[in-house]
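Here's a quick tour of the charged pairs and the nonpolar packing in one protein model. Have the structure open while you read.

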Amino acid sequence: MDYAKMRAIAEDLTAYAERLEGSWNVEIGPSGPFLAMMSPSKRHEGTVRRIRNQLNEQLPATHPGYICENGPEIEHPEIGRMRRPDALVIPEDVLDEAGLAVDATQVLAVIEIVSPSNPENAYGEKLTEYPAMGIGLYMIVDPRTGTIEVHSDPCGDRYRQKAPYIFGDTVALGPWSVETSGFRRYGKPGDQMP
């Protein structure tokens, strides 16, 4: 199926999702458009907020006019993909444009917080799709293990560079740094976390 047809289906699914209870996400993956329920945990959302806040403090100095946000999908029609990362670095003015998705060529970095129910999404498909989209930096934060990977230097459908970190490190994400001492691992209800 060509991308225009998949995109039309994705738009129909988005309209349908707006009538459903809960929070839903529409993406276009290897097998086409799909609708997935989003139910991120508080720790997931707390990690996204911490990253977004830190990057937004640094972006005016390194990339004026850019912001780190969560929400918009990114798309690359040539490879037939539309994904919704947990956070991304984009020009602020694209949020005023009509439509669902941001052109992948405008994205400087994407951040994914690994889901306990679907970890292969961050480490599998997205790890090949983001470099294929030409996205220069991809940070994977894994609260299951307390680890972080920063992938850079895209070449085809892979990144040439991978830098590993653990929670508590100061992570180099391109020209920015992310302090991770406030990141929390997933735990069972009632667990005491520092």
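## A salt bridge across the chain

Arg83 and Glu125 pair up in a salt bridge, with 2.6 Å between the closest N and O atoms. By salt bridge we mean a side-chain nitrogen of Lys or Arg within 4 Å of a carboxyl oxygen of Asp or Glu. Arg83 sits in strand 5 (residues 81-83) and Glu125 in helix 3 (residues 119-132), so this pair ties together parts that lie 42 residues apart in sequence. Helices (H or I, at least four residues) and strands (E, at least two) are DSSP runs, numbered from the N terminus.

## How the model is read

This is a predicted model, where local features need pLDDT of at least 70 and side-chain atom pairs count only at pLDDT 80 or more, though totals for chains, interfaces and linings use all residues. Residues are numbered from 1 along each chain as its sequence is written, and side-chain values use heavy atoms, with hydrogens and water left out.

## Other charged pairs

How many salt bridges does a search of the whole structure find? It turns up eight. One joins the side chains of Asp142 and Arg144 at 2.7 Å, N to O. Asp142 is buried, at 1% relative accessible area, whereas Arg144 is partly exposed at 33%.

Glu149 and Lys162 meet in another salt bridge, at 3.6 Å, N to O. That pair links distant parts of the chain, 13 residues apart: Glu149 is in strand 10 (residues 147-155) and Lys162 in strand 11 (residues 158-166). Glu149 is buried at 16%, but Lys162 counts as exposed at 51%.

## The nonpolar cores

Now for the greasy parts. A nonpolar core is a set of buried Ala, Val, Leu, Ile, Met, Phe, Trp, Tyr and Cys residues joined through side-chain atoms within 4.5 Å. The largest one has 23 residues, and Ile51, Leu55, Ile111, Met139, Val141, Ile148 and Trp176 touch the most other members. Helix 2 gives this core its largest share, four residues.

Met139 has contacts (heavy atoms within 4.5 Å) with residues including Ile51, Val110, Ile111, Ile148 and Leu173, leaving out residues up to four places away in sequence.

Conventions:
Buried < 20%, exposed > 50% of the residue type's maximum accessible area, 1.4 Å probe, protein only.
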